[in-house]
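Subject: Structure handover and findings

Hello,

Please find the structure below. My notes follow it.

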Amino acid sequence: MLITREMDYTLRILRALHQSGQLSATSVARDEHLQKAITLKLLNRLLSAGIVESRRGVSGGYLLKIPCEQLKLYDLFQMLGESTELNRCQRSSYQCENRPDGSCGVCQEFNRIQAVLEMELQRTPLSEILH
């Protein structure tokens, strides 16, 4: 699992919308110290995922479609198509070349850590993180 710069920026965009409600892309970019182009790109991604909605016009902008109280980090990764896998061992189709019978200690440990990671990613609502 890698928390990319884009995921970090996405969280910052969600923070701005969570704290301020409806904002223009320009306001989000300014408030979160992001370039407008990357802000628009990520807002479009959030729009496609159904996390935000946009309103046109002079008083338009972007707002949360799903409240941050209902979203967890895990949900965000899933909705944006980002992987939470630590290693290829977590893929359902993966067969360890060292221990095809499933007895590989490394794979077993990564699977244990993966389960803890996913539990933690599902634990805290974004609203508690983004204040």
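Leu14 touches Leu46, Ile51, Val52, Leu64, Cys68, Leu76, Leu126 and Leu130, leaving out residues up to four places away in sequence. Contact here means heavy atoms within 4.5 Å.

Before going on, the ground rules. This is a predicted model, in which local features need pLDDT of at least 70 and side-chain atom pairs count only at pLDDT 80 or more, while totals for chains, interfaces and linings use all residues. Residues are numbered from 1 along each chain as its sequence is written, and side-chain values use heavy atoms, with hydrogens and water left out.

Helices (H or I, at least four residues) and strands (E, at least two) are DSSP runs, numbered from the N terminus.

Thr10 is found in helix α1 as well. Thr10 counts as buried because its relative accessibility is 2%; buried means under 20% relative accessible area, exposed over 50%, and partly exposed in between (1.4 Å probe, protein chains only). Thr10 touches Leu42, Leu46, Leu76 and Leu80, again not counting residues up to four places away in sequence.

**Helix α2 and its neighbours**

Helix α2 covers residues 25-32. Its buried residues are Ala25, Ser27, Val28, Ala29 and Glu32. They pack against α1 (5-20), α3 (36-48) and β2 (61-64).

How do α2 and α3 cross? Their axes come within 9 Å and cross at roughly 120 degrees. The axes are lines fitted to C-alpha atoms, for helices over the stretch in contact, and angles run from 0 to 180 degrees between N-to-C directions. The crossing is right-handed. A crossing is left-handed if the near helix is turned anticlockwise from the far one by less than a right angle, and right-handed if clockwise.

On the α2 side, the contact is made by Ala25, Thr26, Val28 and Ala29; on the α3 side, by Lys36, Thr39, Leu40 and Leu43. These residues divide into five nonpolar, two polar and one charged.

Thr39 sits in α3. Is Thr39 buried or exposed? Thr39 is buried, because its relative accessible area is 0%. Neighbours within four places in sequence aside, Thr39 is in contact with Ile13, Ala25, Val28, Ala29 and Leu34.

His33 is worth a look. His33 lies in the loop between α2 and α3, just after α2. His33 has a positive phi of about 60 degrees although it is not a glycine. Most residues other than glycine have a negative phi. His33 counts as exposed, because its relative accessibility is 71%.

Strand β1 (residues 52-55) and β2 pair in the antiparallel sense over four bridges. Two strands pair if DSSP finds at least two bridges between them. Val52 stands opposite Leu64 in β2, and Glu53 has Leu63 as its bridge partner there. The hairpin has five residues between the strands, and Gly57 takes a positive phi near 105 degrees.

Both faces of β2 are covered. Gly61 and Leu63 are buried on one side, Tyr62 and Leu64 on the other.

**The loop between α4 and α5**

Two residues to check here. Leu86 is in the loop between α4 and α5. Leu86 is partly exposed, because its relative accessible area is 36%. From C-alpha to C-alpha, Leu86 and Glu69 are 26 Å apart in space, and 17 residues apart in sequence.

Pro100 lies in the loop between α4 and α5 (105-121). Pro100 counts as exposed, because its relative accessibility is 52%. Pro100 and Ala16 are 84 residues apart in sequence and 48 Å apart in space, C-alpha to C-alpha.

Best wishes

Technical notes:
Ala, Val, Leu, Ile, Met, Phe, Trp, Tyr, Cys and Pro count as nonpolar, Asp, Glu, Lys and Arg as charged, and the others, Gly among them, as polar.
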